[in-house]
Amino acid sequence: MTPGAQAGSAANADPDYANLRYSSLSEINVDTVKNLAPVWTFSTGVLRGHEGAPLVVGDALYLVTPFPNRVYALDIAHEGKILWQYEPRQDAGVIAVMCCDAVSRGLAYGSGKIFLYQADATLVALDAGTGKPAWSVKNGDPARGATGTSAPIVVKDKVLVGVSGGEFGLRGYLTAYDSATGAKIWRAYSTGPDAETLIDPVKTQELGRSVGEEASLKSWSGDQWALGGGAPWGRISYDPSLNLVYYGTGNPSTWNPLQRPGENKWAMTIFARNADTGAAAWLYQMIPHDQWDYDGVNEMILGETVVAGQARKTLTHFDRNGFVYVLGRADGELLSADKYDPAVNWASRIDLDKSSKSYGRPVLDKAFSTEANGEETVTHNICPATVGAKNANPAAYSGQAGLFYAPMIRLCMDYEPFHIDYAQGQPYTGADTSVFPQKGRAEMGGLIAWDAAARREVWSVREPFAVVSGALATAGGLVFYGTLEGYLKAVDARSGKELYRFKTPSGIVGDPTAFSSNGREYIAVLSGVGGWAGAGLTAGLTRSEEGANSPEVYAALAQYTALGGQLTVFGLR
């Protein structure tokens, strides 16, 4: 498979629809990884955050840069010789409407086409062999706050894509297009009327109950739902046996909870939708009336988990809010919810008592309620910070070890909500935040191994900075990840012991991937510091007094890495 790609294939492999980020390749393993070395590199020519992973199809490697979203097709057999390149024409003004750097989280492949989702929310189908555009379609208007940062996914004859823009008062939606023609097949909004959210008041279930008629509209004050956020800008999973796609929606808009009374359905929600029609089969709102900007978009990992002694087909989700949720993926039954970071304090637990009126809801600590403390009042030391205990960079799962591997962020925040009026195309946040390391910890990140059956951490690795690279597990007994200083690291999947590291030219916010070509195995990763974690560097904020809301992060990071944009491909010597 091609871990990290939303759809596509390496040689003789299938798409990673389950978002396992597990490679069955084993030549690079705990014994041989010490012999890993760069075999070729490729400069992207762009100095912004390089998120996502390269996509391998046969003997070609495809990658997309941050804005201006150049796409390169590289010949693996000839050390990255350029087969073709495509650069779209976009108005550079779109950068001002992008929340957290002008990133792209990857490409998709299907039916002989490479699918590019541009910063300006244009979806383009490119011929995989020539790079010539087959069709393009506008998926949103940047003038209204819509941008494209996520990776599409190809499911059967459709390409699905979300949208970014919750920080600009955008009402989020997921759209399915015909992969052959670009014709829109369905669109499902996160908030609003049942007819637009594609929710059936009886058939659509939440925690075993029908959601009821117009549940979203009833959960907002007035027409605030029309500016409701809930943007689905993360990864999408797919279960072919159930024909369901799974994804999460982002924070409600604005960040000021006092301006949007109610439960704000269906922001901060896990959705399961019919891939053909978009109809919602089930959903689960993790945080009704989110008060901390905990986007619920992190990946949904599809697998099997032993629950009460029985193997269940499950969905596992490490949310930014610091809880890891395990649900039955056929019906959305909540099987467990636990803190994967013990520093989490905004809620003490998730109520798992099915007989309770608050079943499935977080039990809040009012001391950290930004609403209870009021507008223009600072609520101190909320953990995690708005960026989450883990961001959208994906975790991995190894069935061989029976463990999940989650990149970690050890940051907390002060949060001050304030009144804000909506203006089209302008930021619609309504809160100031200050981010800092957890008290008592010198490090700001790490990697943990999590046993979902035992519901506990097995081991952890400490890192000086937030880990915002994705993880990759392999049949060689390894877990790969990148660091903000620029190291590609490999650790033993069972113990966490570091077995390999290599310093790339810039900080890594991309996701390592494994592939084989002509009988040889490779590891590849994009380096190029940026995204939210490197925003201080891309914006030139390298002095602590200039560090916006994260001075300790940006000032220190500038001592270890600089802007860059490079693909590094590793093989055994």
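Q: Contacts in the chain between residues at least 6 apart in sequence: how many join residues at least 24 apart?
A: The share is 60%, where a contact means heavy atoms within 4.5 Å. This is a predicted model, so to speak: local features need pLDDT of at least 70, side-chain atom pairs count only at pLDDT 80 or more, and totals for chains, interfaces and linings use all residues. Residues are numbered from 1 along each chain as its sequence is written, and side-chain values use heavy atoms, leaving out hydrogens and water.

Q: Okay! How many helices and strands are there in the chain?
A: You'll find 5 helices and 40 strands.

Q: What box do the C-alpha atoms fill?
A: Taken along the principal axes, the box is roughly 60 × 55 × 55 Å.

Q: And what percentage of the 573 residues is buried?
A: Buried residues make up 66% of the chain. The cut-offs are under 20% relative accessible area for buried, over 50% for exposed and partly exposed in between, with a 1.4 Å probe and protein chains only.

Q: New topic. Which peptide bond has omega near 20°?
A: That is the bond from Phe67 to Pro68, which is cis. Pro68 sits in the loop that runs between β4 (60-64) and β5 (71-75).

Q: And which one has omega near 0°?
A: The bond from Lys265 to Trp266, also a cis peptide bond. You can find Trp266 in the loop between β18 (244-248) and β19 (269-274).

Q: What is the phi of Asn19, then?
A: Phi of Asn19 is near 55°, a positive value in a residue other than glycine. Asn19 belongs to the segment before β1 (22-23).

Q: Is Asn19 buried or exposed?
A: Asn19 is buried, and its relative accessible area is 4%.

Q: What about the phi of Lys156?
A: Lys156 has a positive phi too, near 55°. Look for Lys156 in the loop between β11 (153-155) and β12 (158-161). With 45% relative accessibility, Lys156 counts as partly exposed.

Q: How much space lies in the largest cavity?
A: About 50 Å³, counting the space filled by probe spheres set on grid points joined across faces, edges and corners.

Q: Which residues line the largest cavity?
A: Its lining is made of Ser23, Leu25, Ile28, Thr474, Phe480, Ala514, Phe515, Glu521, Tyr522 and Ile523. The elements that give two or more residues are β38 (513-517) and β39 (520-527), and β39 gives the most, with 3 residues.

Q: And what volume does the second largest pocket have?
A: The volume is about 280 Å³. The second largest pocket is lined by 17 residues, and Glu206, Leu207, Arg209, Lys265 and Arg361 are the ones nearest its centre. At least two lining residues each come from β16 (209-210) and β20 (280-285).

Key. 1 Å grid on protein atoms, 1.4 Å probe; cavity = no way out; pocket = protein on both sides within 12 Å on 5 of 7 lines; lining within 4 Å. Helix = DSSP H or I, 4+ residues; strand = E, 2+ residues; numbered from the N terminus.
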